[in-house]
Amino acid sequence: LHFSTPTIGATWTTTAAMITQAKTDMGIAYTFLTATNDTAANQVCPTQLGGQTLNRGVYKTATGVLLTTGTLHLDAQGDPNSVFIFVIGGTFDIGAPSGAISLDNQAQAKNVYFVTSGLTTIEAGMHVYGNIFAMPRVDVQAGAIITGRLWAQTDRVTLISDTVTKAP
């Protein structure tokens with residue numbers, strides 16, 4: 001997959017301007033990620049990601065998605081520039097009894113994107129790799145470890161004693 005970089009807004013001068021710009025920039029990123037039209041790369045996103053091994057590409061579904069029954073293996077096949085985009089038309093739940101994400105064969109968290117139209121929930125103690133762009137909000141329960149970024153367009157990101165590290 002090869003994408004051109006979208007244009008992001010200018011520098012801000014006040015806190016209110018910064019918040020407005022951040023929401024605008026998140027909207028640009030959300031629109032960009034959901035509009036991926038590389039039909040050769042587009043694939044149907046499974047509604048249960050647990051136990052799947054997926055190669056780079058764009059995975060789309062109009063419904064909610066679970067990652068609850070095993071590990072989602074993202075296989076870059078030796079290419080550290082592989083991009084994984086999941087466009088989810090509903091909620092996204094990561095957690096019990098055994099949801100997990102594994103980056104295999106040089107896959108990198110900075111190249112993984114989950115774009116959701118509904119609430120994204122990350123249950124307690126989960127370790128999540130990737131960037132989450134949720135239309136309404138992201139709820140993270142206590143003790144989760146996130147390697148990536150969390151963005152919410154219209155509501156909020158809720159954290160409870162969690163660790164969030166920007167993906168290198």
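**Salt bridges in the predicted model**

R156 is partly exposed, with a relative accessibility of 41%. Here, buried means under 20% relative accessible area, exposed means over 50%, and partly exposed lies in between, for a 1.4 Å probe and protein chains only. The model is predicted: local features need pLDDT of at least 70, side-chain atom pairs count only at pLDDT 80 or more, and totals for chains, interfaces and linings use all residues. Residues are numbered from 1 along each chain as its sequence is written, and side-chain values use heavy atoms, with hydrogens and water left out.

The structure contains four salt bridges. A salt bridge is a side-chain nitrogen of Lys or Arg within 4 Å of a carboxyl oxygen of Asp or Glu. One of them joins R156 to D155, at 2.9 Å from N to O. D155 is also partly exposed, at 39% relative accessibility. Through shared partners, salt bridges join R137, D139, D155 and R156 into one network.

D139 counts as buried, at 17% relative accessibility. R137 counts as partly exposed, at 24%.

Another salt bridge pairs D79 with R56, and their closest N and O atoms are 3.0 Å apart. This pair links distant parts of the chain, 23 residues apart. D79 sits in the loop between β5 (71-75) and β6 (84-88), while R56 sits in the loop between β2 (53-55) and β3 (57-61). Strands are DSSP runs of E, at least two residues long, numbered from the N terminus. D79 is partly exposed, with a relative accessible area of 26%. R56 is partly exposed as well, at 35%.

Notes:
Helices (H or I, at least four residues) and strands (E, at least two) are DSSP runs, numbered from the N terminus.
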